[in-house]
Amino acid sequence: MAKRRHHDMGGLDAGPVEISDHDHAPWEKQVNAMLRLLADPKRGVMTVDELRRGIEDLGPGVYDELSYYERWISSIGNILLEKGVIEVDELGRKMTEVEARMRAAQDETSKAAAGKAGA
Amino acid sequence: MSEHDDHTHDHKHDHGHDHDNGHAPHPFQPDIEDGPITEYMVLTRAIGELMVEKGVFAAEDLREKLEYMQSRKPALGARLIARAWTDPAFAARLERDAMAAAQELDIDVGVVEIRALPDRPGLHNVIVCTLCSCYPVMLLGNSPDWYKSREYRSRVVREPRAVLAEFGTEIPAETELRIHDSTAELRYFVIPERPAGTEGWSEERLADIVTRDCMIGTALPKPGAA
């Protein structure tokens, strides 16, 4: 019998269901919205099945360590690279630039909050 | 895609941008993240900006899609069920073709098939996606975290009664349980039975007791909940 892949978990043993939920962070909502735009047949950049294949290809360790939308964006990134929609180098450069901008924005916000608290 | 989110995206983005610097149109600026900035947040925003720069989608498309996804909530599914409970002809149409029935109520259900699973005396339905996380987002909004968890996906197909009991839902031993495994091409939602004690209620009042979990099948509607 073929060995199950790690995502194929129906019927296996597992612990009690932790009945939890959370409000999604802005970046999680963005991942969700982007997938829907990319998978829209009028753009045809990628499909939901490719998303799933990309998630399954993350491998057992990563699959269980990452949160749900972390798996999604990792898969989306890999598939866009695979298809040549983006290049590794430009993604790296963009991430450096974006991170600097995000840190600056967060600093600005916390400074503004501290300023208000001190007033 | 969360479900209980009252966030309205009405904050201002007036932190003094300079549009005269000769750069391409301003990148989409999502909300500032509250917590520590992670690699995945950075990756998300970087991919978003690259897509806009390459013209794969426009910043406006992203903004519109975010708003649209915010509008998908369990209240949409609850409206269908409340109508079915008060209109047997509609109930028959909903069971036959849920997509067309939703359109009758001006509910946009997209193009991926969604099928209704009516409970009957002695039969209760539950949905899951054992392989990933397929879910009728168009009708119920985003799925809860537990729906995507290893525990729920693994166990609900083998010991549904025990799993439902963890939700505080006891299904009598003589009731048949059918667990439906969703796919990317076919998603389901449960039409629970109308509970006793709701005779004469308006559709709006009925819709209030149909929670998200009632349409997943892990809860049953209770007249006291409204």
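With which residue does Arg212(B) form a salt bridge? In this predicted model, where local features need pLDDT of at least 70, side-chain atom pairs count only at pLDDT 80 or more, and totals for chains, interfaces and linings use all residues, side-chain values use heavy atoms, with hydrogens and water left out. Residues are numbered from 1 along each chain as its sequence is written, while chains are lettered from A and ligands numbered from 1 in the order in which they are written.

The partner of Arg212(B) is Asp21(A), with 3.1 Å between the closest N and O atoms, a salt bridge being a side-chain nitrogen of Lys or Arg within 4 Å of a carboxyl oxygen of Asp or Glu. Eight salt bridges are found by this rule across the interface of chain B and chain A. In terms of contact (heavy atoms within 4.5 Å), 65 residues of chain B meet 63 residues of chain A.

Leaving aside neighbours within four places in sequence, Leu139(B) is in contact with residues including Leu80(B), Ile107(B), Val109(B) and Phe189(B).
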